[in-house]
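Please find below my comments on the model under review. They are set out as numbered points and proceed from the overall architecture to individual elements.

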Amino acid sequence: MADPTNHNQAGEVAPSTVDQQAPSVAEEHAPSTDSPEATDLPTANAPDPKAANSEDNPNAAKPAAASPKREKPAAAAATGEKPAAAAKAAKKEKAPSVEDKPFVEFIEQDYLPALQKAIAQQGVQDLQVSFAKQKVPITGFESAQECWQIIGSWKETGQRQFNLYFPEEDIQGKKGFSCNEGKKPSTLESFLIDERKITLDLLVYGLVQRLGGQKWLGIN
């Protein structure tokens, strides 16, 4: 006959083995309460680190700051030119042309030597050139004021003389021309009046052309 102590009382169900082991298994795998453990779930007080908006989430990763760019020099940036090109342009602007010299200085230092050389190349060997401020030697201009003149003469084929007048003391201003062969000139002509800008080369070329038209140069 079986031992009555091994059986429960009538109407009671014996607990299963699983129910008896459950508490111990749960305790074994339960997290320790001594130290906090990280979790992927966001809490009410900690923003999600994966949020992109740094204003809403102070824990969000901030983008790397862009490295500052070098600024161009103010002069080059204003003109859109490279620094080397801007410096070269500034240097070029500072170099004045011979035509920018004071009137008397330009005539004596640049125009007279260039004119004598050009006329000599046309076959005139005994040219005499002077530069003076005096009265216009033409009938009817006795009361006119003195003006600067270039006087050229030679005697190779007779006495030939020409005068180039600068009444405004400016190569860009009004200019006149007269010529004669042993007699007093009677006509004052305008000279290079159609040119907008007078240069050294143009002033030399214009006078050589005028003397050539008079047939005073070369074999004339």
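**Comments on the predicted model**

1. The protein contains five helices and five strands. Along the sequence these elements follow the order α-α-α-α-β-β-β-β-β-α. The coordinates are those of a predicted model, and the comments below should be read accordingly.

2. Of the 220 residues of the protein, 24% count as buried. The accessible surface amounts to about 16600 Å², and carbon and sulfur atoms contribute 52% of that area. Where contacts link residues at least 6 apart in sequence, 43% of them join residues at least 24 apart.

3. Helix H4 covers residues 103-120. Its 18 residues, at 1.5 Å each, should span 26 Å, and the distance of 24 Å between its end C-alpha atoms agrees with that expectation.

4. Which residues of H4 are buried? They are Phe103, Phe106, Ile107, Asp110, Tyr111, Leu112, Leu115, Ala118 and Ile119.

5. The buried residues of H4 pack against several elements: strand S1 (128-134), strand S2 (147-154), strand S3 (160-166) and helix H5 (200-213).

6. Strand S4, residues 176-180, is mostly covered, with five of its five residues buried. In a regular strand, side chains alternate between the two faces of the sheet. Both faces of S4 are covered: Gly176, Ser178 and Asn180 are buried on one side, and Phe177 and Cys179 on the other.

7. S4 is paired with S3 and with S5. S3 and S4 run antiparallel and are joined by five bridges; Tyr165 stands opposite Gly176 of S4. S4 and strand S5 (residues 189-190) also run antiparallel, joined by two bridges. Within S5, Glu189 is the bridge partner of Phe177.

8. How many disulfides does a search of the whole structure find? The search returns zero.

Notes:
Residues are numbered from 1 along each chain as its sequence is written. This is a predicted model: local features need pLDDT of at least 70, side-chain atom pairs count only at pLDDT 80 or more; totals for chains, interfaces and linings use all residues. Side-chain values use heavy atoms; hydrogens and water are left out. A disulfide is a pair of cysteine sulfur atoms within 2.5 Å. Helices (H or I, at least four residues) and strands (E, at least two) are DSSP runs, numbered from the N terminus. Buried means under 20% relative accessible area, exposed over 50%, partly exposed in between (1.4 Å probe, protein chains only). Contact means heavy atoms within 4.5 Å. Accessible areas come from the Shrake-Rupley method with a 1.4 Å probe; for residues, only the protein chains shown count as cover. The expected span of a helix is 1.5 Å times one less than its number of residues. Two strands pair if DSSP finds at least two bridges between them.
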